[in-house]
Amino acid sequence: MCGWQDRNVLPQRQVRAQFDRRTIVVYQAYSSDIADPALRANRFVPPFSFHRMTWIKPSFRWLMHRSNWAQKRGQERILAVRITREGWEEALSQAVLTTSDPRAVAEAAVHVQWDPERSLRGAALNHYSIQVGIGRGLITRFAEEWIVDLTDLTSQTRKIAKLAQSGQAGKAQRLMPPERVYPVPTPIATRLDIDG
């Protein structure tokens with residue numbers, strides 16, 4: 001019989017996300033200068049840059065760590081970006097791990113890296129979260145074809161942070177977007193070190 005600790009050990013690398021039959025939610029943090037026009041258009045438009053890699057993250061907690069709960073300069077606005085699963089899997093199918101041969105990374109349309117997942121308080125956990133960098137060659141398709149909806153989660157983010165900071169972790173946790181293991185197709189999972 002497994003002990004309590006054994007039951008709570010998660011596989012090292014899985015994609016955990018909010019998704020449905022057709023779409024998956026990824027998160028990004030921007031300044032208001034980028035977020036407001038994007039929200040009005042319900043897709044990314046200038047001044048969003050179509051000329052450099054953009055990183056998307058299906059883990060809400062990891063983006064909270066990265067943006068310091070929407071307090072980091074230039075990352076004050078948190079967007080939930082709902083994209084098609086077809087687009088997500090197309091990106092993964094073209095991805096190269098950032099730990100691969102530098103020449104392969106330089107030529108890749110999409111980069112993938114694994115970083116320690118974070119707790120509600122920001123502590124590194126013993127399993128990893130996927131970050132996906134969409135290169136210049138695919139950004140237009142990402143913005144114009146894959147995106148289904150953009151939602152501003154800034155107010156929700158700040159409310160969660162305030163609850164967590166005031167010792168109300170249970171209430172904060174209930175406001176977190178629900179995430180579960182995403183079923184990555186086996187050939188992609190094998191290539192990107194994703195655990196089954």
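Predicted model: local features only at pLDDT ≥ 70, side-chain atom pairs only at ≥ 80, totals over all residues.
Residues are numbered from 1 along each chain as its sequence is written, and side-chain values use heavy atoms, leaving out hydrogens and water.

**The helix pair**
- α4 and α6 (residues 136–146) pack with their axes 10 Å apart, at an angle of about 165°.
- That makes α4 and α6 roughly antiparallel (angles over 145 degrees).
- Where they meet, G87, E90 and A91 of α4 touch L138, R141 and W146 of α6 (contact is heavy atoms within 4.5 Å).

**Aromatic rings**
- There are 10 aromatic pairs, counting Phe, Tyr and Trp rings (six-membered ring for Trp) with centres within 6.5 Å.
- W88 and Y182 are edge-to-face (planes over 60 degrees apart), because their planes sit at 80°, with ring centres 6.5 Å apart.
- This pair ties together distant parts of the chain: W88 is in α4 (residues 85–93), and Y182 is in the loop between β9 and α9, 94 residues away.
- Both count as buried (under 20% relative accessible area, 1.4 Å probe, protein chains only): W88 is at 0% and Y182 at 2%.
- Y30, F44, F48, F50, F142 and W146 form a cluster through ring pairs.

**Charges over rings**
- R13 lies over the face of Y128, 4.8 Å from the ring centre (for Arg, CZ within 6 Å of the centre and within 35 degrees of the ring normal).
- R180 lies over the face of F19, at 3.9 Å from the ring centre.

Technical notes
Phe/Tyr/Trp six-rings, centres within 6.5 Å; stacked < 30°, edge-to-face > 60°. Helix = DSSP H or I, 4+ residues; strand = E, 2+ residues; numbered from the N terminus. Buried < 20%, exposed > 50% of the residue type's maximum accessible area, 1.4 Å probe, protein only. Axes fitted to C-alpha atoms, helices over the stretch in contact; angles between N-to-C directions. Parallel < 35°, antiparallel > 145°, perpendicular 65-115°, else oblique.
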